[in-house]
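I opened my notebook beside the model and jotted down what I looked up. Here are the entries, in the order I made them.

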Amino acid sequence: MSSVIPEGWSRIQIGDIGSFFGGLTGKTAKDFGDGHPFLTYMQVYSQQTSDMEAMNSVLINEGEKQNTVAYGDVLFTTSSETPDEIGMTDVFLGVNQTPYLNSFCFGLRPITPSSIDPTFGKYVFRGDDFREDMRPLAQGSTRFNLSKGNLAKLSLLIPSLPEQKKIASILTSVDEVIENTQKQIDKLQDLKKATMNELLTKGIGHTEFKDSELGRIPKSWEVVTLNEVTVNHDSKRVPIKSVDRQNIQGKYRYYGASGVIDYVEDYIFDGRYILLGEDGENVLSRNLPLAFIVEGKFWVNNHAHILQPTETVDIGFLCEYLESLDYKNIASGSAQPKITKSALSDIKVKLPSAGEQLKIIGVLSSIDKTIEPFRQKLSQTQSLKKSLMQDLLTGKVQVTVN
């Protein structure tokens, strides 16, 4: 946290912005799936709380006391795999909507009139300075949690409301470029998924087909369980406590369900494996990688399944296959879904010959090459946004307000 306060700016303590409120309480699995909309953990994490289609549903009985979310509320995630991702935020900007909030998040309702513009708040709570202040608040070992009391003691550096609105306008324009580029990527990824589904139904060059438990497939294909074509190494996964990780500065990657979360000085795996998210809303979301290939020497925590394909299946084909699946009927649990080792091992796999697996990968790779320029543009624009946030949210570069 910088001690220098730019001209016209001031510091405000989080606890003075408004009052905290909790998410859903007293709910069991049978309460979810129908009823009233509620914001999911992943919506808050990925700053998509204004997306009505992404909301889930929960039954709320008449007279039941549960908190709803209002325009301008600041929402925080309460738990994370890593200290770096504790207390991820979004500001709810939905109009004429009053959804409920999942039980793994809590909210901060600003007093009226508020000293923080809601759109500006969406950015400042994700700024590097605030994220740096947030990290030491992470409590736990293998799973980290956030205390409202500790959060209330933090402070924000903010300019006047007119300057807040101007900064928000600049950053929003960059976000629009990011959003449009992401839409182009999504369209191509949808094409890739449709192509994968077509290939997994008709194959390449087949004229004879048969009925199977997974529907019509080429006559020469087999249907096997994931357990038959992989070796599951979940029993070797070893979590590392936060206090230990902070003292480790190694060269080997430490993976969680969504990718690299740290670097360690030792390794428990060496080779090529597929990691697949085990728990959390990321198992149902396309916003985070679900199945991905890792190579070399590395460590892995308890939030990712680790699979080693046998010689009968190409690792690239299998990874694409796992990415194409719908896990809603496989994951168990509601607010914090989980893919169990048992459910994973029973997944059915359509298995072509080794040569055809490689041909299918070739077709999908050509679509990936089309996607790559858009991914590069997205990365460049995200870097620009990060730079602008660092300059504008700290007052290093001050905007002119007409």
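**Entry 1: a salt bridge**

Which residue forms a salt bridge with D128? I found K386, with the closest N and O atoms 3.4 Å apart. I count a salt bridge when a side-chain nitrogen of Lys or Arg lies within 4 Å of a carboxyl oxygen of Asp or Glu. D128 sits in helix α4 (residues 128-134) and K386 in helix α11 (residues 354-392), so this pair ties together parts that are 258 residues apart in sequence. I take helices (H or I, at least four residues) and strands (E, at least two) from DSSP runs, numbered from the N terminus. D128 is partly exposed, at 35% relative accessible area. My cut-offs are under 20% relative accessible area for buried, over 50% for exposed, and partly exposed in between (1.4 Å probe, protein chains only).

A note on the source: this is a predicted model, where local features need pLDDT of at least 70 and side-chain atom pairs count only at pLDDT 80 or more, while totals for chains, interfaces and linings use all residues. Residues are numbered from 1 along each chain as its sequence is written, and side-chain values use heavy atoms, with hydrogens and water left out.

How many salt bridges does the structure hold? I got 18. One of them joins the side chains of K122 and D90 at 2.6 Å, N to O. This pair links distant parts of the chain, with K122 in helix α3 and D90 in strand β7 (residues 89-91), 32 residues apart. Are the two partners buried or exposed? K122 counts as buried at 15% relative accessibility, and D90 counts as buried at 0%.

I then checked D211 and R216, whose side chains meet in a salt bridge at 3.4 Å, N to O. Here D211 counts as exposed at 62% relative accessibility, while R216 is partly exposed at 44%. I also noted a network of salt bridges linking K192, E320 and D368.

**Entry 2: S114**

Where is S114? I located S114 in the loop between β9 (105-110) and α3 (118-124). S114 is partly exposed, with a relative accessible area of 25%. Its side chain reaches the backbone nitrogen of I116 at 3.1 Å. I also looked across to G72, which is 42 residues from S114 in sequence and 9.1 Å away in space, C-alpha to C-alpha.

**Entry 3: a cavity**

I found two cavities of 30 Å³ or more. On a 1 Å grid over the protein atoms alone, a cavity is a set of points where a 1.4 Å probe fits but cannot get out, and lining residues have an atom within 4 Å of a point. The second largest cavity has a volume of about 150 Å³, taken as the space filled by probe spheres set on the points.

Which residues lie nearest its centre? Of the 15 lining residues, they are V124, D129, F130, L157 and L393. α4, β12 (155-158) and α11 each supply at least two residues of this lining, and α4 gives the largest share, four residues.

What is the strand order of the open three-stranded sheet? I read β6-β11-β10, with antiparallel pairing. The edge strands are β6 (79-80) and β10 (139-140), each pairing on one side only. I call two strands paired if DSSP finds at least two bridges between them. β10 and β11 (residues 144-145) pair over two bridges, and Q139 stands opposite N145 in β11.

How values were computed
A polar contact is a pair of N or O atoms within 3.5 Å; within protein, one must be able to donate a hydrogen and the other to accept it, and residues adjacent in sequence count only if both atoms are side-chain atoms. On a 1 Å grid over the protein atoms alone, a cavity is a set of points where a 1.4 Å probe fits but cannot get out, and a pocket is an open set with protein on both sides within 12 Å along at least five of seven lines; lining residues have an atom within 4 Å of a point.
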